[in-house]
Amino acid sequence: MTTIYGIKNCDTMKKARAWLDGKGVAYEFHDYKKAGIERDRLEGWARKVGWETLLNRAGTTFRKLPDEEKQGLTETKAVELMIAQPSMIKRPVLEAGGKLLVGFKPEQYETLV
């Protein structure tokens, strides 16, 4: 089963979903802004791709954090931030066939079809 995780109105999410739709890839969409994200799943992703890859430092939510919260980040602290504010998770996250892709790059998605 293919599942794409993200936020409905994110432009990158829209591009990724349009790509999947255009290729006829069946998938489930999990809006982690509305439905949240399970700690175990997020920690598993962090082990697989690294918390640095998952944390969206470029987003407004992260940039608005007080400097003391941004400094000295560890995996534990980053996971806590992403659980508390899922918009800090880079988007999309795609689980498909045992693979985990973070962000949208059509050339990476091609490996799935």
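This is a predicted model: local features need pLDDT of at least 70, side-chain atom pairs count only at pLDDT 80 or more; totals for chains, interfaces and linings use all residues.

Mentor: Residues are numbered from 1 along each chain as its sequence is written, and side-chain values use heavy atoms, with hydrogens and water left out.

Trainee: How many aromatic pairs are found in the whole structure?

Mentor: Rings of Phe, Tyr and Trp (its six-membered ring) pair if their centres lie within 6.5 Å; planes under 30 degrees apart are stacked, over 60 edge-to-face, the rest tilted. The search finds 3 aromatic pairs. Tryptophan 19 and tyrosine 109 are edge-to-face, 5.6 Å centre to centre with 90° between the planes. Tryptophan 19 lies in helix α1 (residues 11–22) and tyrosine 109 in helix α7 (residues 106–109), 90 residues apart; helices are DSSP runs (H or I, at least four residues), numbered from the N terminus.

Trainee: Why is the pair of phenylalanine 104 and tyrosine 109 edge-to-face?

Mentor: Their planes are at 90° and their centres 4.8 Å apart, so the pair is edge-to-face. Trp19, Phe104 and Tyr109 form one aromatic cluster.

Trainee: Which residues of helix α6 are buried?

Mentor: Buried means under 20% relative accessible area, exposed over 50%, partly exposed in between (1.4 Å probe, protein chains only). In α6 (residues 75–84), Ala78, Val79, Leu81 and Met82 are buried. These fall within an arc of 160° seen down the axis, so they line one face of the helix; the arc is that of the directions from the helix axis to the C-beta atoms. Exposed Thr76 and Ala84 are on the face turned away from the buried side.

Conventions:
Helices (H or I, at least four residues) and strands (E, at least two) are DSSP runs, numbered from the N terminus.
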